[in-house]
Every structure is written in structure tokens, then in C-alpha cells.
Amino acid sequence: IVEKRIVSDRRVLPYDPIREADIFWEKRVWRVLDVREKMNLPFAYPEEPFFSILMKAAAEGEITVYGTEDDKFSYPLAPDEVSSMGATVDTIIAFDPETYEEEITIVRNDLNPEDIKQFRIKEIWFFDEEASQLKVRIIGIAPVLDVVDPETMIVKYPELKFWIYYPTAREYLSKHRVISDENDVARMTWADLFEARFFSSYIYKITKSHSNRGNTP
């Protein structure tokens, strides 16, 4: 009934500057976000899955995505590499019902967003001595595809498709509204969701604590 401009006109605020000397303690944390959990259902909303948003942005050059050789964002991928990611080509043999001649058709199958069941999240937790606060910054997000054994139908291993460097993707994600079945007019963007930590996850890896004042207990 109205033209929705609130989200499209929104500008993401830059992070508050922090001096290195004020970081008393920090550690890196890696999480698994499963889209099948109730709190995470917006990530798999059929109308616009979160994975589709990332793929479109990467294919159009709106954001840069990185290879999974490491999680340090060392190997940027070209948009055409992203577009073909996960796509398979099948050869189908059929017979013409009138001539009974054999016809060979090449079919391209793109990666189905519904097959992305998890995301990995890399974070840095740190204690800001100036503000006397424990803070967190999301560094990276990676969609995960479960590779299934075709004979047993058991998941063999999780395959990370790519990493996005979240600080540079915040601006783009702030222009896309989180859609859910509960509220069609929700004004929360994907950047808002991550900043407010409105998701459910569990930790699967963590580094030892590091302190700028020496070792911490």
C-alpha cells in the first residue's frame, strides 16, 4: 500500500574506532548457524533465502567473496567463478515420440539454495579497556553445503562454498530486509540481524585467549 523506502534509504553506521592499546584481551571464535533451527528460519525463507542474496551480490560484483583455502580472506573469487559454483551439467538421452530418434540434451543444474543448511561464522571477541566492555565483531560468513554419499544418503562432509568478509559486506546487507512468516513489514535488515545477534548458533572452534598485557588466566 506504500512504497517501501525505509530500508533502501538506510545507511549503515561505521564501527566505533578502537585503539589497539585499548584492547586488553581478545580471542577468535568460529560458530555454526543451522537454518533449520526455529530462530534461524528467516535464513531459509523460500521467497529470498540468505544464500541467494549472497550469491546474487557476488555474481553482480556488489561484494567480494573469497575461496575456502583458508578463512583469512586471502583468495578473492571472480564473479563468474561464483556464478558457476555448485552447478552441474547432466546429459539426458531421450527419444522423439514421432521419429523415435535419439536426442541428447545438455541440462545445467544450479545449486539449490534449499541445500544450504548451515553457515559458518567467524568472530573476534575482545575487551575494550577504554569502554570497560566485552565486545564482538563478526569477521566472516560462509555458506555450507552438506556433501551426501549417493549410496548411503549419509552426509560425508560439510563443504564450505566461499567466505564473505563481513565488514565490507555490511553496507550491502543493510539494504536487504529480513523476511519471515511472522511479520511482512519487519524493518530489520540482515546487517541489523547480525549486529543484534538475532540468530542461534553453537561454537565449534575457539582460539586461546590473547592479551596485550601478557598472559591471562
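The model is predicted. Helix α1 is followed by Gly61, whose phi is positive, near 75°.

**Exercise 1. Determine how many residues of helix α1 are buried, and name them.**

Solution. 
Step 1. Helix α1 spans residues 50-59.
Step 2. A residue counts as buried when its relative accessible area is under 20%.
Step 3. Seven of the ten residues in α1 are buried, and the helix is mostly covered.
Step 4. The buried residues are Phe50, Phe51, Ile53, Leu54, Met55, Ala57 and Ala58.
Step 5. An α-helix has 3.6 residues a turn, so residues three or four places apart point the same way.

**Exercise 2. State where Met153 lies, and decide whether Met153 is buried or exposed.**

Solution. 
Step 1. Met153 belongs to the loop between β6 (133-148) and β7 (155-160).
Step 2. The cut-off for an exposed residue is a relative accessible area over 50%.
Step 3. Met153 has 60% relative accessibility and therefore counts as exposed.
Step 4. Together with Val148 and Val155, Met153 makes a nonpolar surface patch of about 270 Å².

**Exercise 3. Describe the salt bridge between Arg19 and Asp22, and classify each partner as buried or exposed.**

Solution. 
Step 1. Side chains of opposite charge can pair when their charged atoms come close.
Step 2. A salt bridge requires a side-chain nitrogen of Lys or Arg within 4 Å of a carboxyl oxygen of Asp or Glu.
Step 3. The closest N and O atoms of Arg19 and Asp22 are 3.0 Å apart, and the two residues form a salt bridge.
Step 4. Arg19 is exposed, because its relative accessible area is 52%.
Step 5. Asp22 is buried, because its relative accessible area is 10%.

**Exercise 4. Show which parts of the chain are linked by the salt bridge between Arg31 and Glu123.**

Solution. 
Step 1. In this salt bridge, the closest N and O atoms are 2.9 Å apart.
Step 2. Arg31 is in strand β1 (residues 23-34) and Glu123 is in strand β5 (residues 116-128); the pair, 92 residues apart, links distant parts of the chain.
Step 3. Arg31 has 12% relative accessibility and so counts as buried.
Step 4. Glu123 is likewise buried, with a relative accessible area of 0%.

**Exercise 5. Classify Glu159 and Lys161, which form a salt bridge, and state how many salt bridges are counted.**

Solution. 
Step 1. The closest N and O atoms of Glu159 and Lys161 are 3.3 Å apart.
Step 2. Glu159, at 28% relative accessibility, counts as partly exposed.
Step 3. Lys161, at 10% relative accessibility, counts as buried.
Step 4. Elsewhere, salt bridges that share partners join Arg31, Glu123 and Arg197 into one network.
Step 5. The count comes to ten salt bridges.

**Exercise 6. Find which residues Val12 contacts beyond its neighbours within four places in sequence.**

Solution. 
Step 1. Val12 is found in the segment before β1.
Step 2. At 22% relative accessibility, Val12 counts as partly exposed.
Step 3. With those sequence neighbours left aside, Val12 is in contact with Arg170, Glu171 and Ser174.
Step 4. The C-alpha atoms of Val12 and Lys175 are separated by 8.8 Å, and these residues are 163 residues apart along the chain.

**Exercise 7. Identify which element has the lowest mean pLDDT and which has the highest.**

Solution. 
Step 1. The chain averages a pLDDT of 83, and 80% of the residues score at least 70.
Step 2. Among the elements of the chain, the lowest mean pLDDT (60) belongs to strand β3 (residues 88-95).
Step 3. Strand β8 (residues 163-165) has the highest, 96.
Step 4. Where pLDDT is low, the predicted coordinates should not be read in detail.

Definitions and conventions. Residues numbered from 1 in each chain as written. Heavy atoms only, no water. Buried < 20%, exposed > 50% of the residue type's maximum accessible area, 1.4 Å probe, protein only. Helix = DSSP H or I, 4+ residues; strand = E, 2+ residues; numbered from the N terminus. Patch = residues over 30% accessible without salt bridge, like charges linked within 9 Å, V, L, I, M, F, W, Y side chains within 5 Å. Areas by Shrake-Rupley, 256 points an atom, 1.4 Å probe, with all protein chains shown as cover. Contact = heavy atoms within 4.5 Å. pLDDT = per-residue confidence, 0-100.
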